[in-house]
Amino acid sequence: MAVSIKTAEELERMRVAGRMTAEVLEMIEPHVQVGVTTGELDRICHEYITGTLQAVPAPLNYHGFPKSICTSVNDVVCHGIPSDSKKLKNGDIINIDVTIIKDGYHGDSSIMVQVGEAPSHARRLIEVTQECLYRALELVRPGATLGDIGHTIQAHAEKNYYSVVREYCGHGIGKVFHEDPQVLHYGRKGSGMVLEPGMTFTIEPMINAGRRHTRLNKKDGWTVTTRDGRLSAQWEHTLGVTEDGCEVFTRRSNEPALA
Ligand code: MF3
Ligand code: CO
Ligand code: CO
């Protein structure tokens, strides 16, 4: 499949959807407290997205996904299903992944939050994973390649003795939630597709404290965990390639310029 180049009108809608996605994450972060359930976090986000924002939570019913956001705690790599029986406890780390559809276009972004106070090794994993994302964002511009993105993420993770999950990747995004290209979080400098203005995609590195291998929960069909049971972290942004760099549609107000 060919990669779509968005028009100025489409980019404006991506900007709006991205800003709203960031707002949901900013809204929900202070609700992450010891004792709250991931089911409660899902309900709060659902209300905000459908009520305040008059938007659609993209995960709900997506290939049968049962909830409006993904909540991935500790050794859960991604696609954790919010549940009323999953109470957060002091020292947990959680990824909250929000995707909304506004005016036909998607915004997709995720953050890591520590519950109460997490151990320093967990906080370090969170920080290095965010650095992986930021390093990738810094080199997005016309002429760079997808391999450049994968390479910088892999190099930074492995330099810190972490591993990169390979079974899941970033993706093109627009009118469609997951479209071409696939954005791998590992790779070789200079390899892969050359970036052009108007491309829109996510970068969403999943970095493991231990080995890279994952396991899919066959009972629920969604929850992905690390095989070795060690921690995993992920951060995600949706961006557009501009004439001279990139525009991060899902940038939150507590983040630097990023490009
Ligand atoms: N938000 C995820 C991503 O970053 C996809 C979640 S699909 C779901 O691509 F069905 F699990 F919600
Ligand atoms: Co995504
Ligand atoms: Co996402």
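Modeller: The protein contains four helices and 15 strands, where helices (H or I, at least four residues) and strands (E, at least two) are DSSP runs numbered from the N terminus. The model is predicted, so local features need pLDDT of at least 70, side-chain atom pairs count only at pLDDT 80 or more, and totals for chains, interfaces and linings use all residues. Residues are numbered from 1 along each chain as written, chains are lettered from A and ligands numbered from 1 in the order written, and side-chain values use heavy atoms, without hydrogens and water.

Strand E8 (residues 179-183) holds Pro181, which is joined to Asp180 by a cis peptide bond with omega about 0°.

Two further sites concern phi. His79 sits in the loop between strand E3 (76-78) and strand E4 (93-102); its phi is near 60°, a positive value in a residue other than glycine. Tyr161, in the loop between helix H4 (146-159) and strand E6 (163-164), has a positive phi of about 65° and is not a glycine either. His79 is partly exposed, at 27% relative accessible area, while Tyr161 is exposed, at 73%; buried means under 20%, exposed over 50%, and partly exposed in between, with a 1.4 Å probe and protein chains only.

Of the contacts (heavy atoms within 4.5 Å) with a separation of 6 or more, 71% link residues 24 or more positions apart.
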